[in-house]
Amino acid sequence: MRPPSTDLVGRGVRAVAVLSVLAGLVAVTGCSDGAASPRPRESAHGTTHQGTDVGEGIPPVAGIPVILGVKSLVLPIEPYLVTNRQMSAILRAREKLVAPCMRRFGFAWPDPGPGTGDGGGMPPGMKNAANMDRRYGITDPALAARHGYHFAPDTRQRTTEESSAARPDADALAVLTGRAADGTPAPSRYHGLALPEGGCQGQATARLTGGRPLGNDPLADEINIVSYQKSRADPRVRAAFRAWSACMRKRGYSYAAPTDAPGKDPRFTGPTPTRQETALAEADVACKRQTNVIGVWFTVDSAYQRRMMASKGPELVHAKAAIRTRTVNADRVLNGDR
């Protein structure tokens, strides 16, 4: 590593944007076609996704209400997931802790501005990892008519700006994260000063979380993802998909299910929605409402979650307490306690 020098001053003004980019390392679910598409991963509890639900068969439901939109819907697991607003505060607090640490190592690293981190590291439109706004695809007729499968321009623009921000040079990255650009551990000292474990960012994260990961509790993440995967394959939901598909055929469209992601069609991925795209999106939403896709899917999704949560009460209490710890610590830092 070379000594810190004045050429880092110019890079320092980009530091806050860089941290917003690195915040994307926080695990979240959701994808651009409007329906969540999470991938299995190993959890800290030693189980994979499909091992989380130990129940047999499909969980029963008392009844399936007609539901036309998602604005008022809350899944059982959501109180145990970090929200966008909470993550935004946590990331701003982390940036505030990172800045003096980086300056201690000789880097010109500014304090974050008051608006930094408002995206919370979440993809556009997501309030938390449950991604209710698009968990079941597009569902709002007004937004479908205006934007098709695109996100509203303001959220998409913010995410694009964050993702295109410049990354720090090798020295700054090593001090920031404790790792070299190739992912290997950085040297334990930088010009005679011992690097904190995980770099300045790792030290700040530990201060906020008590040594736990920054994102969602792995068990809460698993329940959130597994319920989506299992409900999507549930025969009651598949029947709703078939009804939706028949409705779409009457309107001139051939899709077997709303999860076929019509929004991923190359014709509809340009910078702005076309009339062809908004027409398809309007038909998609209209058929979801006509065939009660949201009512069926949400009800079944919730049933899987409740079954998985029933045997995990103590672990989930711990997950909720961890969120409180992070948010309380973040508030203290943002209010001037470093």
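This is a predicted model: local features need pLDDT of at least 70, side-chain atom pairs count only at pLDDT 80 or more; totals for chains, interfaces and linings use all residues.
A disulfide joins cysteine 247 to cysteine 287, with the two sulfur atoms 2.1 Å apart. Cysteine 247 belongs to helix α9 and cysteine 287 to helix α10, so this pair ties together parts of the chain that are 40 residues apart in sequence. The torsion about the S-S bond of cysteine 247 and cysteine 287 comes out at about -80°, so the disulfide is left-handed, and both cysteine 247 and cysteine 287 are buried.

How many disulfides does a search of the whole structure find? The search finds two, and the other one joins cysteine 101 to cysteine 200, with an S to S distance of 2.0 Å. Here cysteine 101 sits in helix α3, residues 84-104, while cysteine 200 sits in helix α7, residues 199-209, so the pair ties together parts that are 99 residues apart in sequence. The torsion about the S-S bond of cysteine 101 and cysteine 200 is about -75°, so this disulfide is left-handed. Cysteine 101 and cysteine 200 are buried as well. If you number the bonded cysteines in sequence order, the pairing reads 1-2, 3-4.

Let me step back to the chain as a whole. Of the 338 residues in the chain, 49% are buried. The chain exposes about 15600 Å², and carbon and sulfur atoms supply 55% of that area. If we take the contacts with a separation of 6 or more, 81% of them are accounted for by residues 24 or more positions apart.

Now back to α7, the helix that holds cysteine 200. The buried residues of α7 include Gly199, Gln201, Ala204, Thr205 and Leu208, along with Cys200 itself. The axes of helix α6, residues 170-177, and α7 come within 2 Å and cross at roughly 20°, which makes α6 roughly parallel to α7. After α7 comes glycine 210, whose phi is positive, near 70°.

Further along, in the loop between α7 and α8, residues 218-233, we find asparagine 216. Is asparagine 216 buried or exposed? At 8% relative accessibility, asparagine 216 counts as buried. The side chain of asparagine 216 reaches the backbone nitrogen of valine 82 at 2.6 Å, and it also makes a polar contact, at 3.5 Å, with the side chain of aspartate 221.

The next helix pair is α8 and α9, which pack at an angle of about 60° with their axes 5 Å apart, and that makes α8 oblique to α9. The contact is made by Ser231, Arg232 and Ala233 on the α8 side and by Pro235, Val237, Arg238 and Phe241 on the α9 side.

Between α9, residues 235-250, and α10, residues 275-291, there is a loop, and tyrosine 253 is placed in it. Tyrosine 253 is partly exposed, with a relative accessible area of 23%. Leaving aside its neighbours within four places in sequence, tyrosine 253 is in contact with Met248, Ala279, Leu280 and Ala283. Tyrosine 253 and aspartate 284 are 31 residues apart in sequence, and their C-alpha atoms are 9.3 Å apart in space.

I will finish with the backbone. Most residues other than glycine have a negative phi, and two residues deserve a look with that in mind. Asparagine 131 has a positive phi, near 50°; it is placed in the loop between α3 and α4, residues 141-147, and it is buried, with a relative accessible area of 3%. Histidine 191 also has a positive phi, near 50°. Where is histidine 191 placed? Histidine 191 is in the loop between β1, residues 189-190, and β2, residues 193-194, and it is partly exposed, with a relative accessible area of 42%.

How values were computed:
Residues are numbered from 1 along each chain as its sequence is written. Side-chain values use heavy atoms; hydrogens and water are left out. Buried means under 20% relative accessible area, exposed over 50%, partly exposed in between (1.4 Å probe, protein chains only). Contact means heavy atoms within 4.5 Å. Accessible areas come from the Shrake-Rupley method with a 1.4 Å probe; for residues, only the protein chains shown count as cover. Helices (H or I, at least four residues) and strands (E, at least two) are DSSP runs, numbered from the N terminus. A disulfide is a pair of cysteine sulfur atoms within 2.5 Å. A polar contact is a pair of N or O atoms within 3.5 Å; within protein, one must be able to donate a hydrogen and the other to accept it, and residues adjacent in sequence count only if both atoms are side-chain atoms. Axes are lines fitted to C-alpha atoms, for helices over the stretch in contact, and angles run from 0 to 180 degrees between N-to-C directions. Angles under 35 degrees count as roughly parallel, over 145 as roughly antiparallel, 65 to 115 as roughly perpendicular and the rest as oblique.
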